[in-house]
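The report below describes a structure chain by chain and element by element. Please read it alongside the sequence and the coordinates.

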Protein chains: 2
Amino acid sequence: MFSAQTYKERRERLRTMAGGGILLFLGNGEVGMNYADNTYPFRQDSTFLYYFGLDYAGLSAIMDLDSGEDIIFGDELTIDDIVWTGTMPTLSQNALLSGVGKTLPSGELRPLLQKASAQGRSIRFLPPYRGEHSVRLLELLGIAPSEQASKADESFIKAVVDMRIHKSPEEIEAIEEAVDISTRMHLIAYRMARPEVHEAEIAAAVRREACQRQGTDLSFPTIATVKGQALHNHGFIHTLKDGDIFLLDAGAENALHYSGDLSSSMPVGEKFTERQELIYNIHLRSFDAAVKCLAPGVPYKKAHLAAAQAIAEGMTDLGLMKGNPQDIALSGAYALVFPCGTGHMMGLDVHDMENLGEQYVGYTGGEKKGTQFGFKSLRLSRPLEPGFVFTVEPGIYFIPELIDLWRSQGLFKDFINYDRFEAWKDFGGLRNELDYLITPDGCRVLGTIRKPMTIEEVYQARNL
Amino acid sequence: MFSAQTYKERRERLRTMAGGGILLFLGNGEVGMNYADNTYPFRQDSTFLYYFGLDYAGLSAIMDLDSGEDIIFGDELTIDDIVWTGTMPTLSQNALLSGVGKTLPSGELRPLLQKASAQGRSIRFLPPYRGEHSVRLLELLGIAPSEQASKADESFIKAVVDMRIHKSPEEIEAIEEAVDISTRMHLIAYRMARPEVHEAEIAAAVRREACQRQGTDLSFPTIATVKGQALHNHGFIHTLKDGDIFLLDAGAENALHYSGDLSSSMPVGEKFTERQELIYNIHLRSFDAAVKCLAPGVPYKKAHLAAAQAIAEGMTDLGLMKGNPQDIALSGAYALVFPCGTGHMMGLDVHDMENLGEQYVGYTGGEKKGTQFGFKSLRLSRPLEPGFVFTVEPGIYFIPELIDLWRSQGLFKDFINYDRFEAWKDFGGLRNELDYLITPDGCRVLGTIRKPMTIEEVYQARNL
C-alpha cells in the first residue's frame with residue numbers, strides 16, 4: 001500500500017470533483033472456479049485499490065459526499081476463522097492504513113443505503129463487470145442486472161477517470177517495476193523460443209517469472225503463439241518450428257497491482273527469413289513513427305496515423321498496396337494488415353479503466369470512437385498529457401479470413417493489390433510493444449531494462 | 001474430450017435416473033479480473049464437462065427428459081470474431097463431439113424455458129456457485145439470487161453425484177495423469193526448499209510445472225508455506241530459513257480437467273530436527289493407519305478415526321495428551337492437533353462436487369455431518385465403493401490460537417496436557433497427502449511416480 005495520506009488525499013480530491021450524494025465502491029469478492037471455495041487468485045477492484053488500497057476480498061466502501069464521512073464495510077474474522085488463518089489485523093486496523101476511521105459490518109451497508117435512498121439522496125455507483133457485482137447491486141439497490149450499466153453514474157465515472165489517468169510519481173515507480181518484471185519475462189522467451197518447444201512451455205516459464213515475488217502476477221492472460229495473426233489467441237496449441245515467428249504478448253503486475261504490458265516477435269529458427277525481415281523492419285519504422293509523435297498536447301490518434309502511414313509505405317514498397325501512403329492511412333485501408341489500435345492507457349488495469357468505458361478514457365472533447373473497421377479498435381485517441389502512461393504496439397498481420405472478406409466485399413480496391421496478397425496469406429503476424437510515459441516536455445519509455453527491438457538486439461537476446 | 005459415445009451414455013444413464021421435466025446445465029462464462037475483457041483462465045463447469053465435454057465459454061444445455069431431446073445453446077462466431085480468432089469449428093460441429101445433434105442460439109433458451117414453465121413443466125437446476133450463475137438463473141427463471149440455492153433440485157443433484165462419484169477406467173487414467181504432473185510439481189519443491197528461498201519462488205516453479213502442457217493448470221490455489229499450521233495460507237509472504245518445515249499442498253488438473261492433489265512436508269535445512277522427526281513419524285503412522293482401512297464397504301470415517309487414534313498414540317507417547325488413544329479419537333480431543341478431515345473425494349473437482357453439497361457427496365444413509373469441531377471438517381465419511389477416488393491427508397498442526405482457545409474453554413482437560421503444549425506452540429505443522437482409488441478388492445495409490453513419504457525418501461528427493 002501507499003501511505004494512508006495518499007489515499008486520504010485521493011478521496012479529498014474526488015470529493016471536490018464529484019458533487020453530492022453517496023459514492024459506492026464495491027471491492028471484489030472471491031470467485032469460485034468450479035465450486036465456491038476453489039477460488040481464482042484474488043484480484044481487488046482497481047478503483048477500490050486506488051481510493052482505499054485494501055487488497056483482500058469482502059470489502060465495500062462509501063464516501064458520503066454530504067457529510068464528508070468515509071466508511072469501509074467488512075466483517076471481522078471470527079475465532080473460528082483465526083484458527084484456520086492465523087491471527088490477522090482487524091478491519092479497523094486495516095482501515096486506518098487507508099486513512100479511514102470508521103468501519104461497519106457488511107450487513108450494515110444495505111440498510112444505510114436504503115435509508116439514504118428513502119431520504120431522496122442519490123446512491124452513485126460505477127459500471128459492474130462481474131456477476132457478483134450485479135448480484136450485490138441488485139441486493140443493495142434493487143436495480144435489475146440488465147439496468148445496472150445504464151444507471152452507473154457518469155460524473156462519478158468521469159471524476160475517477162480524470163484522477164486515475166494522471167499517474168503520480170509513486171505510481172510511475174510502481175508501473176516501472178511491473179515493466180521490469182515484464183521485460184525479464186520476455187528475455188526468457190527470447191532464449192526459449194526454439195524448434196520443438198511448445199507454446200505452453202514458454203507461457204509457463206514466462207508466468208513463473210511473473211509470479212515469483214510476493215503479490216506479483218500476470219497482468220493479463222499471456223499470448224504466446226506462432227500464429228500471431230490470430231489476435232485473440234490463448235490456446236497454446238502449437239509446437240514451434242523453424243521458419244515460424246514466435247509472438248509473446250505478456251506482462252506482470254507488481255505487488256501494488258500496477259501493470260506492465262510488452263510484446264516481442266522473434267524467429268524460431270536462427271534468423272528471420274528475408275520476407276520476415278522485411279516485414280519486421282517496416283514494423284520497426286512504424287513503431288518509431290508513432291513514438292516520434294508522443295508529447296503533451298499531441299493527440300494519440302496522430303501517433304496511430306503515423307504508424308499506419310509507415311506501414312502503408314512499407315506495403316506500397318512491397319507492391320501489396322498502392323497509392324499515397326497518407327491516403328491509405330486516413331482511408332482506413334491500412335487496417336487490412338493493422339486492424340487494431342496503436343496502444344491503450346495502462347495503470348492499475350492493463351487496459352486502464354476499461355470497465356469505466358473507453359469513451360471516457362481514450363477520447364475527449366466530444367470526439368467519439370470511430371465505427372469503421374480498424375479505427376473502431378483505437379482505444380486511445382485523445383491529446384496526451386503529462387502523467388499519461390500507455391502502450392505503443394503497432395503490428396503487421398496477414399489474416400487470411402480478413403483478406404478474403406475484404407476482397408469479396410471489394411473494399412479499398414484502389415489501395416490494395418489483392419492478387420499480390422495471396423502469396424502472403426501464410427505469413428502470420430508480428431508486433432513489438434513498449435510502455436511510455438508522457439513527461440512535461442516529451443515522453444519516456446518505461447522500464448530500466450531495454451527490451452530487444454532491432455533485429456540485431458533480437459538475435460543477441462536469443463543467444464544470452 | 002472423451003468420445004461422443006461416452007457423453008451420450010452418461011446422459012442416457014442420467015435420463016433413466018432423473019425422472020421428468022427439463023434439466024438445465026449452465027456452462028461457465030468468462031470472469032473479468034479487473035474489467036470484463038481481462039479474464040481469469042477459463043474453467044468450464046465440471047458437471048457440464050461431465051455430460052457435454054465442451055470446454056469453452058458461453059454455452060448452456062438442457063436435457064428434456066420428457067421428449068428425450070438434448071440441446072446445446074450457444075452463439076456461432078461472427079465473421080468479425082473469426083477475423084480476431086481465426087477460423088474455428090461451428091457450435092453444431094462441436095455439439096456432435098458430445099453426441100448432441102441439436103443446437104440453438106443462446107437467446108432461445110429463455111423463451112424455451114418460459115414456455116415449458118408456463119406448461120407446468122419443472123425446470124430443474126443445480127446450485128449456483130458464481131455470481132454469473134445467479135444472474136443467469138434470475139434472467140432465465142425469474143428466481144431471486146437469495147432463493148436459488150434452496151430451489152436447486154435435490155434429485156438432480158443426487159443423480160449427478162451418484163454418477164460422477166464412480167470413476168470409469170478412462171477417468172481414472174485422466175486422474176492418474178494429473179497425479180503424475182502433481183508429483184513432478186512436488187519433486188521440484190523437494191529440491192528447491194532451501195534457506196533464503198522465498199515461498200513465492202517455489203509456488204511459481206511448481207505452477208510452471210503444472211502449466212507447461214496444453215490445457216493443464218493448477219487444480220487449486222497452491223499452499224506453499226513454512227507456517228503449515230495456518231491451514232488456509234495462500235500469501236507466500238515468508239522466506240525459508242534453516243529449522244523451518246516447508247509444506248506444499250499443490251496439484252494439477254490434466255487437459256480434461258481431472259485433478260491431482262498432493263501434500264509434502266520437508267525440512268528447509270539439511271535434516272529435520274529431532275522434534276520434527278518425532279512428529280513426522282507419528283504422522284506417517286497415522287497415514288498408514290488410515291490407508292490400512294481403505295477397502296470397499298469400509299466407511300471412510302473408520303480411516304479417519306484410525307488416523308486420529310494413531311496421532312493420539314503419538315501425542316500420549318510425547319506426554320502432550322493422556323488417556324486411552326481410542327477415547328481421544330472418539331471424543332474429538334485429537335482435533336486440537338488434527339482439526340481437519342483425513343480426506344475428500346477427488347475427480348473433475350479437487351473437492352469433488354463440493355458445489356453440489358458435501359452432505360450428498362461424503363455422507364449416505366441418513367448419516368449427517370457432525371457439528372463438533374474436527375468432525376465438522378470431515379468431508380468424507382461414507383462407506384467406500386469401487387471407483388471412488390479420494391485423498392488421504394492426515395496432518396499434525398500446533399495452532400497457537402486453537403491451543404489458547406481450548407485451554408481457555410477448559411476443553412478435554414482429561415485428555416490434554418495443556419502445560420506441555422506451551423513448549424510446542426512454535427512447532428508449526430506438517431502433512432503428506434496421496435490420492436487413492438478403491439478397487440474391487442482393496443485400494444490402490446494413484447500415480448505412476450512415487451511421491452516421497454518416509455524421511456529417507458524425503459532426504460533422497462532433496463538431493464536429486
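## An exposed loop residue

A:Asp426 is exposed, as 9 other C-beta atoms lie within 10 Å; a residue counts as buried if 20 or more other C-beta atoms lie within 10 Å of its own, as exposed if 12 or fewer do, and as partly exposed in between, with C-beta atoms placed from the backbone. A:Asp426 belongs to the loop between helix H16 (418-421) and strand S13 (429-431) of chain A, where helices (H or I, at least four residues) and strands (E, at least two) are DSSP runs numbered from the N terminus. From A:Asp426 to A:Ala203 the sequence separation is 223 residues and the C-alpha to C-alpha distance is 24 Å.

This is a predicted model, in which local features need pLDDT of at least 70 and side-chain atom pairs count only at pLDDT 80 or more, while totals for chains, interfaces and linings use all residues. Residues are numbered from 1 along each chain as its sequence is written, and chains are lettered from A and ligands numbered from 1 in the order in which they are written.

## Two domains in chain A

Chain A is divided by the domain assignment into domain 1 (4-164) and domain 2 (169-462), the bounds coming from an automatic or database domain assignment. Taken over C-alpha atoms, the centres of domain 1 and domain 2 of chain A are 35 Å apart.

Between them, 13 residues of domain 1 of chain A are in contact with 12 residues of domain 2 of chain A, contact meaning that the C-beta atoms of two residues, placed from the backbone, lie within 7 Å. On the domain 1 side of chain A, the elements that give two or more residues are helix H2 (46-52) and helix H8 (154-164), and H8(A) gives the most, with five residues. That side of domain 1 has nine nonpolar, two polar and two charged residues, where Ala, Val, Leu, Ile, Met, Phe, Trp, Tyr, Cys and Pro count as nonpolar, Asp, Glu, Lys and Arg as charged, and the others, Gly among them, as polar.

## The contact between the chains

Chain A brings 59 residues to the contact and chain B brings 58 residues. On the side of chain A that touches chain B, two or more residues come from each of helix H3 (79-85), helix H6 (131-141), helix H10 (199-211) and helix H15 (400-409) of chain A, with H10(A) supplying the largest share, eight residues. By class, the residues on this side of chain A are 30 nonpolar, 16 polar and 13 charged.

## Strand pairing

In chain A, strand S11 (residues 389-392) is covered on both faces, with A:Val389 and A:Thr391 buried on one side and A:Phe390 and A:Val392 buried on the other. S11(A) pairs with strand S14 (residues 434-439) of chain A in the antiparallel sense over four bridges, two strands being paired if DSSP finds at least two bridges between them. Within this pairing, A:Thr391 has A:Asp435 in S14(A) as its bridge partner.

In chain B, three strands form an open antiparallel sheet in the order S7-S8-S10, with strand S7 (223-225) and strand S10 (262-267) as the edge strands, each pairing on one side only. Strand S8 (residues 245-250) of chain B pairs with S10(B) over six bridges in the antiparallel sense, and B:Leu247 stands opposite B:Ser265 in S10(B).

## Two buried residues of chain B

B:Arg462, in helix H17 (residues 455-462) of chain B, is buried, with 20 other C-beta atoms within 10 Å. Apart from neighbours within four places in sequence, B:Arg462 is in contact with B:Tyr190, B:Arg191 and B:Met266.

B:Phe236 lies in the loop between S7 and S8 of chain B and is buried, with 22 other C-beta atoms within 10 Å. The phi of B:Phe236 is near 50°, a positive value in a residue other than glycine.
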